[in-house]
Amino acid sequence: MSAKINEKPRKRSDLDKSIDLGLDQFGRFVKLRWIWLLLASIVLWYLISNIVPLVGSISAGSVLFYVFQIMFAFLFGIMQFVAIFWFLGRPRLYWVMPGETGVTFDYYTGNPEVLEAARRTVALLRGVKEFEEMGGTPVRGMLLSGPPGTGKSYLAQCMSTEAGVPFAYASAASFRAMFIGMDILMIRNLYNKARRLAREYGGCVIFMDEIDAIGGSRGGNNSALGGGMMGMLGAGTGGLNQLLMEMDPPNIETGWFKKVLRTLGLSHGRVQKQPVLTIGATNIPESLDAALLRPGRFDRLIKVAPPTDKYRPEVIEFYLRKIKYDPGVSIAALSQRMVNYTPVAIKHVINEAVIIAHFGGREVVTYRDLVEAQDVHEFGLRQLAELTPIERRRLAYHEAGHAVACYYLMDRYFPAFVTLHKHGDLEGAAAFAAWRQKETIITNSKEDVLARIQVSVASRAAEELFLNVNLNGVTGDFASATQLAAAYVGAYGMDGTLTSYLAFANGLTGASPMSLPKMADRVEAVLQSQFRAVKRLFQEHSEAVIAVAEALIERDELVAEEIKQLIDEADARRVAKQVLSDFEPLLGAGSNGNGYVLSNGRSNGNGTSGVPLIDTARLNFETGESNLFPFSSEVDSTIQPYQNLDGPMGDEPYM
């Protein structure tokens with residue numbers, strides 16, 4: 001007895017282990033699949049007892065006829081369901097196989113940080129085995145967010161080409177099917193095919209554009225609508241739930257052969273997850289469900305912004321190389337004009353310039369073509385107006401006041417465009433002036449705010465000084481100036497007081513500037529002081545206002561270079577006149593005799609001032625390659641119409 005107790009257990013041989021494993025698998029198969037064994041036995045017994053004895057008495061033709069009928073009835077029933085699911089279960093999906101796009105990382109410019117993140121993701125997708133051997137887990141998802149046109153889908157195509165794997169472009173909105181359950185079926189089929197291709201090519205990329213269409217938060221309206229009739233029509237969250245499972249699936253077998261082996265209980269190996277990378281794109285990432293944004297699904301959240309000042313010239317040059325353009329076109333000047341432009345917007349403007357040059361009879365694109373294309377892009381098509389001489393002169397001096405005041409007062413901006421014509425995208429504006437930034441602007445000083453107030457009220461100052469009229473087109477200007485003055489007093493604390501009307505804000509009424517004592521009087525005092533200041537400016541630089549206004553009357557529209565040249569030439573004449581007047585006692589002339597002495601600017605109110613018209617030379621520029629603008633290359637803002645100074649656009653007949 002003691003010998004048996006002290007005897008060591010005999011080591012099992014490999015043959016014993018194999019026999020035990022086989023018996024264990026067979027026993028598990030019999031235990032779990034006994035119903036299949038029973039059915040197979042019944043079918044076998046039926047065939048042996050009934051069909052086999054009759055084989056000799058039945059002709060081969062009859063057997064084939066019955067077999068054909070059975071197969072036809074079976075296939076007809078299947079095809080009805082297949083047809084339904086074929087038409088209802090097809091999302092907007094495009095498959096691009098390796099090598100079909102031809103776009104690589106060399107074609108993606110303007111966002112080096114985003115490009116580097118994409119390169120690393122591709123490197124992990126290529127070398128997933130080596131990465132897993134180090135203990136790492138491959139990236140399953142990447143969410144690209146940013147404004148429309150920043151190149152999110154283009155980046156996904158570049159990643160697919162660089163990785164050498166299939167690429168699926170899917171519109172997430174197409175997964176919102178009419179009937180409940182169809183979205184689940186479409187998403188499951190998509191990922192099944194992606195895993196199948198991943199086994200063949202070593203990986204696969206699925207790009208879902210506008211993923212917020214199916215990935216919206218379940219705590220919002222979707223959950224409320226999904227329970228009733230809307231749920232029957234496919235408005236539930238089943239598609240999102242299926243997407244969550246597919247992006248982070250459990251260890252399940254997806255290959256059909258191994259599925260059969262596992263069904264028969266003959267395979268119990270470790271399940272391998274295929275490297276499928278899901279790339280989502282959205283403009284509103286804050287609307288996505290939290291479960292979709294957690295690590296393990298969208299592991300990387302990348303903000304794709306428009307190119308910065310440093311890299312915007314690369315994008316412009318990239319698209320200019322695709323067309324025939326004048327070699328003298330300044331890339332730096334175009335970069336200053338296209339602040340905050342997305343790559344798609346830059347491409348559109350350049351293509352529009354090609355159209356303008358083609359119909360203008362030119363074989364190459366000039367700088368003026370690009371400027372005109374940008375104006376059409378931002379302001380819409382020009383609508384020529386048949387203005388009477390009085391209206392033309394009134395509008396010209398109104399807008400010239402804004403442009404000249406911007407030139408002298410707003411050191412960080414430059415007047416970019418002024419026109420007497422309507423444009424399609426600016427409804428209600430019969431004429432307008434606009435400016436752009438010279439540099440990236442984050443903060444504004446006290447002087448900056450006061451300068452913007454002066455630019456807003458400059459239209460009324462020009463009307464009174466040069467036309468002796470008060471026109472009704474200043475409503476939007478006064479609204480903007482009043483909002484700025486109220487913020488100057490009650491929000492920015494720039495008039496010496498520290499009390500802010502924002503402290504009295506509530507969710508119902510908001511912050512009222514009138515919450516502070518004597519607020520209206522203090523705001524009016526600021527407005528009056530700045531109105532007087534801009535009047536003094538125009539009295540000192542009256543030649544510049546007249547030059548811009550008269551040139552605008554003649555040409556209808558002026559661009560940045562033309563505005564600057566007119567003002568500089570007017571200032572040169574003013575300085576020359578001042579110098580000559582200083583030497584008059586020595587020369588004994590008594591007067592300068594040049595005919596440009598400014599009177600009080602008064603008129604009879606019909607828009608004619610009695611001031612001699614200035615013979616302004618027309619500026620002919622094509623390349624933009626000039627030293628007229630000593631502007632910094634650091635700019636970061638889009639063009640801003642003057643009537644939208646921190647406030648809503650007025651609905652007056654002209655601006």
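Which residues form one aromatic cluster? Select Tyr 94, Phe 167, Tyr 169 and Phe 207 and you have it on screen. Rings of Phe, Tyr and Trp (its six-membered ring) pair here if their centres lie within 6.5 Å; planes under 30 degrees apart are called stacked, over 60 edge-to-face, and the rest tilted.

A word on what you're viewing: it's a predicted model, where local features need pLDDT of at least 70, side-chain atom pairs count only at pLDDT 80 or more, and totals for chains, interfaces and linings use all residues. Numbering runs from 1 along each chain as its sequence is written, and side-chain values use heavy atoms, without hydrogens and water.

By the pairing rule, the count comes to nine aromatic pairs. Next, pick Tyr 107 and Phe 318: they sit edge-to-face, 6.5 Å centre to centre with 90° between the planes. Tyr 107 is in the loop between β1 (93–96) and α5 (112–126) and Phe 318 is in helix α15 (residues 312–320), so this pair ties together parts that are 211 residues apart in sequence. Helices (H or I, at least four residues) and strands (E, at least two) are DSSP runs, numbered from the N terminus. Tyr 107 is partly exposed at 36% relative accessible area, while Phe 318 is buried at 9%. Buried means under 20%, exposed over 50%, and partly exposed in between (1.4 Å probe, protein chains only).

Now jump to Tyr 413 and Trp 435, another edge-to-face pair, at 6.4 Å and 80°. Tyr 413 lies in strand β8 (residues 413–419) and Trp 435 in strand β10 (residues 432–437). Tyr 413 is buried at 7%, and Trp 435 is buried at 2%.
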